[in-house]
Amino acid sequence: MFIADYSAKNIYDEMFSSEGYPRKSYDFVKTKMESLGGIELVKRSSSAERALMSLGITFTLYGDGGEQERIMPFDVIPRIVPSEEWISLEKGLKQRIQALNLFLTDIYGEGKILKDKIIPRDLIESSSGYLKQCIGIKPPKDIWIHITGTDLVRDGAGAFHVLEDNLRCPSGVSYVLENREVMKRTFPELFEKLNIRQVYDYPYHLRSMLENLTDVVDPVIAVWTPGVFNSAYYEHSFLAQKMGVYLVEGSDLIVENHKVYMKTTKGLRKVDVIYRRIDDTFMDQSSFRPDSLLGVKGIFEAFKRGNVALANAPGTGVADDKVIYSYVPKIIKYYLGEDPIIPNVPTYLCSEEADLKFVLDNIHNLVVKAANGAGGYGMIIGPKASKQEQEDFKELVKADPRNYIAQPVLNLSTVPTLIADKIESRHVDLRPFILYGKDIYVMPGGLTRVALRKGSLVVNSSQGGGSKDTWVLG
Amino acid sequence: MLSRVAESVFWMNRYIERAENYSRFIDVNHQLSLDLNEEVPNQWLPLVHTTGDIELFEKRYSSPSPVNVIRFMTFDEENPNSIFQCLSRARENARTIRENISTSMWEVLNEFYLFVKDYRKVYLENAEAHGDTLSMGLSEFLSTVRKSCQSFYGCSDATISHDEVWNFSLLGRFLERADKTTRILDMKYFILLPSVHDVGSTLDLLQWLSLLKSASAHEMYNQKYKRVDPTDIAEFLILNETFPRSIFFCIQEMQEALEKISGIKEGLPRNLAQDATTVYLNRLRSENIKSIFDKGLHEYLDDIQIELNHIGSKIVERFFTN
């Protein structure tokens, strides 16, 4: 049952080579899964789902038949990254974060990279993630991006590329940790046999990274959530719990004398470090959007004066603008004098006249994305779109070329995935999480997102994607 | 501890306690109805009086039939106090304070909620297909509800630090429990005996017994008293110092929790919530069951509820709003 119908032709499959042989890293897993057989696999899969349901790792769907609570779709066949590949990815990610951090320090500081004309100044200034209010700010320890989730994909030849950087509030790490717990219960025999690098200490790394941001002894740390209705609320409370820190909402906080306090049963208590999971411009009505209902008045000024540390620092969004993304190889070269270890996906900038013409003429072969879109919104996959959709999207691009980039349609790699009671190939990407504290820490593995619809390339959970446990073999 | 969190912990526990009490009320009444040979008119309505939701009930249902009352108190989505709604709200509260409680507490509560939700779905589907029915393993369902509440208590007792979160849990739990004990006692007020000659009859006795069972006090009462007597029962449920559902015991627990919350050792000024419980506890100490009956039990129970509301509002003022 297991391999018989499985086909991985004309594509890079994580488990099978193009000749149909299992790759070395997957040898044991493949043999084990085969010996378990389909029925057992389905059985274990549903018991894993039950466990997730009990743990309440769910999201709510509203639709016909009222409210439905679902677990995040979770596939029990792991995605394996061999250690030699991981070593190079780890290096590449550290290099990238280091360079991006220097870049942020520079553009909110001296602006050397602009003066040297490596990046056009107007691209920075027109980026919606660029905050003028941050000019001249010096965040604690000169670190801007403390937590990063970088999306990686493989091309047809199996080489990893960075698809995008998520430098603001990247989510999904709680799924990595919970998936792992469930997998250990589901396939203990695989964990006994294979040397799978653990991920459970991520919250400790996260906490010590946050502690590093202040000189206060025994600092008060809080995770700031927009609230229980936010789709990532589960993750916010999960991280607060695992770190043993407070989870606060905007209404729990108040700024007095440019210091941040939270309202407790014993009165006000000063907060030293905030891991905020709320967008920059919603953070503070007095500095950014005045209509924000989630923000805390005066918190940005408190941050500017060094009275509270914010992770990630405000203003980092400029570096994950998809237009700026295309300059990252140059950014790495400029600040570190090195070539990028993990390449970008080739990218066309619609703000460039020649690129724009190419994009408009070839939209049927390209993926076109809004520079600040996320979650699979504001994009079009040319080959999958109708003629009309293509034409409509062209109009959007023409109206605001600065806001769009285009990339070739990547044939994302596939991993065998249990669909009902069959094993089929599904496309995946990979989001490792990187913490920048005293050192740069890369969690071994990350979130493998899987496009559950046959042939689909869209892995976002907001678009019906699921996830898999990612194993880095040590 | 965040004020918002304290408030959610408080309510989470109130809702669980409420669900437990409701399940016992219904079950005891159901058992009682099975014991009675002939139909006692309006046996189920007192239950709705007891919960204080009679107006809503009358708006939603045309008759106080067993099926209607049970449905109203277990699964009715429009009744904010039905077991289903209590569980939904307890879980919603737990979700917002997830980082303050243990995973095992959350799991117990979450599984409990899913159980009630699934059972409700089957019940409603069945009711639609076959007409309303009582014979759907009601007793077993209610017993699972009680056991789940108790595993929630046990689990919190054993898996979280007995610090502020814990003490706010106790405040919520005992305030709700005291409230429900007054309502249980008051139930007898709403149960009309067929005639005045029935006072002291088997039926009267059965009703008092079931009232004890509703407070889960049957066995402990029997250890202390020899016969089923209204005065003794009231004394036990109001003034007993060691039975965990008596008013006295509940207030005493609240006083202790409040002391720990405000940290007597730190020499902090006492607060109004503390003062209110202490004053009331001292009053209870000075009372005896005779004076209570002289005043009239029903009136006295009303009085307790006013005191409880007063304590409750002081807690809200002192800790939850700032």
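This is a predicted model: local features need pLDDT of at least 70, side-chain atom pairs count only at pLDDT 80 or more; totals for chains, interfaces and linings use all residues.
Me: Before we start, what should I know about the model and its numbering?
Reply: Residues are numbered from 1 along each chain as its sequence is written, and chains are lettered from A in the order in which they are written.

Me: OK, what is the strand order in the open sheet of chain A?
Reply: The order of its four strands is β7-β6-β11-β12, with parallel pairing; strands are DSSP runs (E, at least two residues) and helices are runs of H or I with at least four residues, numbered from the N terminus, and two strands pair if DSSP finds at least two bridges between them.

Me: And which are the edge strands?
Reply: They are β7 (246–248) and β12 (309–311) of chain A, each of which pairs on one side only.

Me: Where is the cis peptide bond?
Reply: It joins Ala311(A) and Asn312(A), with omega at about -15°, and Asn312(A) is placed in the loop between β12 and α10 (322–325) of chain A. Most peptide bonds are trans, and most residues other than glycine have a negative phi. Asp218(A), in contrast, has a positive phi near 55°, and this residue lies in the loop between α7 (202–211) and β6 (221–224) of chain A.

Me: Switching to chain B, how do α13 and α15 cross?
Reply: The axes of α13 (residues 272–285) and α15 (residues 297–320) of chain B come within 8 Å and cross at roughly 160°, where axes are lines fitted to C-alpha atoms over the stretch in contact and angles run from 0 to 180 degrees between N-to-C directions. That makes α13(B) roughly antiparallel to α15(B), a word used for angles over 145 degrees.

Me: Which residues make that contact?
Reply: Among them are Leu272(B) and Tyr280(B) of α13(B) and Ile304(B) and Phe319(B) of α15(B), with contact meaning heavy atoms within 4.5 Å.

Me: Last one, how is chain B divided?
Reply: It has domain 1 (1–160) and domain 2 (162–321), with bounds from an automatic or database domain assignment. Their C-alpha centres lie 21 Å apart, and the contact takes 30 residues from domain 1 and 29 residues from domain 2 of chain B.

Methods
Side-chain values use heavy atoms; hydrogens and water are left out. Angles under 35 degrees count as roughly parallel, over 145 as roughly antiparallel, 65 to 115 as roughly perpendicular and the rest as oblique.
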